[in-house]
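Student: I have a chain open on the screen and would like to go through it piece by piece. Can we start with the overall picture?

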Amino acid sequence: MSSRRAYFNQPGPPKSLPPAGIAELFHRRLIYLSGTDAPKFLQGLTTNNVNPKVITPWYSAFLDARGRIMWDSFIYPDPSQGSSGWACFIEVDGTEAGNLFKHLKRHKLRSKIEIRLVEEAEASVWAGWQDNGATESEARASEPPWPALDDSASDPSSYTVAICDPRAPGFGWRIVLPKSESSNLISSGEMNEFPIVDATSYHIRRYLYGIPEGPKEMPPASALPMESNIDLMHGIDFRKGCYVGQELTIRTKHTGVVRKRILPVQLYHKTEELSEALLLAGYDPNWSLQKTGEPVHNEHIPAGTDIKQLDEDGTVKKGRATGKFLAGISNVGLALCRLEMMTDMKVSAEGGSWRPGMEFGMQWGEQDAEGRHKSVRIKPIVPQWLRDRE
């Protein structure tokens, strides 16, 4: 454990992104839900369909009554239950696990269910990937390349369950491993083709693909599911019955227009050449918000900083923001962007104000002695998978 956690103490972002790797996601936690009424109970609280006959894990979200995201999650059915019942692991951001646990307990009422927060020493969530140029259909049909473990044990923490991550094609796999098995797999050498890497590499990979995750990128009770791409990441079943927050979500789908989406972005300075091929190629570990000198990796752009169009001289225009910055590492990140103001995507009949050659930027912090704010330029990228699923 200590050797893996040591990755988090290394200064700065990783020097390169491995084409294949496996990372333990210490920031994610698990809740175990079981009982006769568990499928019906979860069906009324989440955006995706809960079919007790399906054992393949899926992506989903919990909404509040106004249709805003509370938690993004993965649901992993417990295959050890067999015909005796149905149970599942619910994966959620670790900082929100306690809040989701309370939320489930509050809605329990007379439902015949049991809810348990899985201890970190029992099981953990991992992410793995291997870039091989597969198409979306090929990626979704592929099996996670992890050794098959015994799933017949009655102890829910004694088996492995994996899923081809449905959020974006080719992104990788999601795995729940009991702690004992994770240690065995690593020590046995069976995972040699997948080097263990820092979770920071996983986050950078998410940013490059345009995949938001957790409360920092989808603020609870604020972010909307379709603006956060939950629908495009296969996290919403628009055919299912009533669930908390369904009304606004369905209305937006059938009568509304999604004008904003979370997109990957690349940060740059005025003198830099911009990478048009952002995916896996635009990441620069040596890039810094500081334009000259040694990179400063502990300086961050505040989440929620407004993005605005730049004038020809590079100054930030006054007026309406075209987007908001969410998170980033080095020169890549995520931002909530107004599609018709920042990209060539058209989502309405009247079209938008975007034109080729437009540039966008951000400024923040206190003014310096010369009356200038800290600033940087930012370019949104529309991933092909998002265009294909839009």
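Student: How much of the protein chain counts as buried?
Tutor: Of its 390 residues, 51% count as buried. Buried means under 20% relative accessible area, exposed means over 50%, and partly exposed is in between, with a 1.4 Å probe and protein chains only. This is a predicted model, in which local features need pLDDT of at least 70 and side-chain atom pairs count only at pLDDT 80 or more, while totals for chains, interfaces and linings use all residues. Residues are numbered from 1 along each chain as its sequence is written, and side-chain values use heavy atoms, with hydrogens and water left out.

Student: How many helices and strands are there?
Tutor: Nine helices and 15 strands. These are DSSP runs numbered from the N terminus, helices being H or I with at least four residues and strands E with at least two.

Student: OK, the sheet. What is the strand order in the five-stranded one?
Tutor: The order is β3-β4-β5-β2-β6, in an open sheet with antiparallel pairing. Two strands pair if DSSP finds at least two bridges between them.

Student: Which strands stand at the edges?
Tutor: β3 (58-63) and β6 do; each has a single partner strand, so one side of each is left without a neighbour in the sheet. On average, neighbouring strands here are turned by 30° against each other, direction ignored. Axes are lines fitted to C-alpha atoms, for helices over the stretch in contact, and angles run from 0 to 180 degrees between N-to-C directions.

Student: And how many bridges are there between β2 and β5?
Tutor: Seven, joining residues 28-34 of β2 to residues 87-93 of β5 in the antiparallel sense. Tyr32 stands opposite Phe89 in β5.

Student: Which helix lies across those strands?
Tutor: α3 lies across β2, β3, β4 (69-77), β5 and β6, and runs at about 170° to β6.

Student: Is Leu109 buried or exposed?
Tutor: Leu109 counts as exposed, because its relative accessibility is 75%.

Student: Switching to α6. How many of its residues are buried?
Tutor: 11 of the 11, so α6 is largely enclosed by the rest of the structure. Among the buried residues are Tyr202, His203, Arg205 and Arg206. Gly210 follows α6 and has a positive phi, near 80°.

Student: Which residues touch the most other members of the largest nonpolar core?
Tutor: Tyr76 and Met362, in a core of 68 residues. α6 gives the largest share of this core, six residues. A nonpolar core is a set of buried Ala, Val, Leu, Ile, Met, Phe, Trp, Tyr and Cys residues joined through side-chain atoms within 4.5 Å.

Student: What is Met362 in contact with?
Tutor: Leaving aside neighbours within four places in sequence, its contacts include Leu267, Ile301, Phe325 and Val376. Contact means heavy atoms within 4.5 Å.

Student: Last one: which strand does β1 pair with?
Tutor: β1 pairs with β7 (residues 123-130) in the antiparallel sense over five bridges. Gly21 stands opposite Trp129 in β7. Both faces of β1 are covered: Ala20, Ile22 and Glu24 on one side and Gly21 and Ala23 on the other are all buried.
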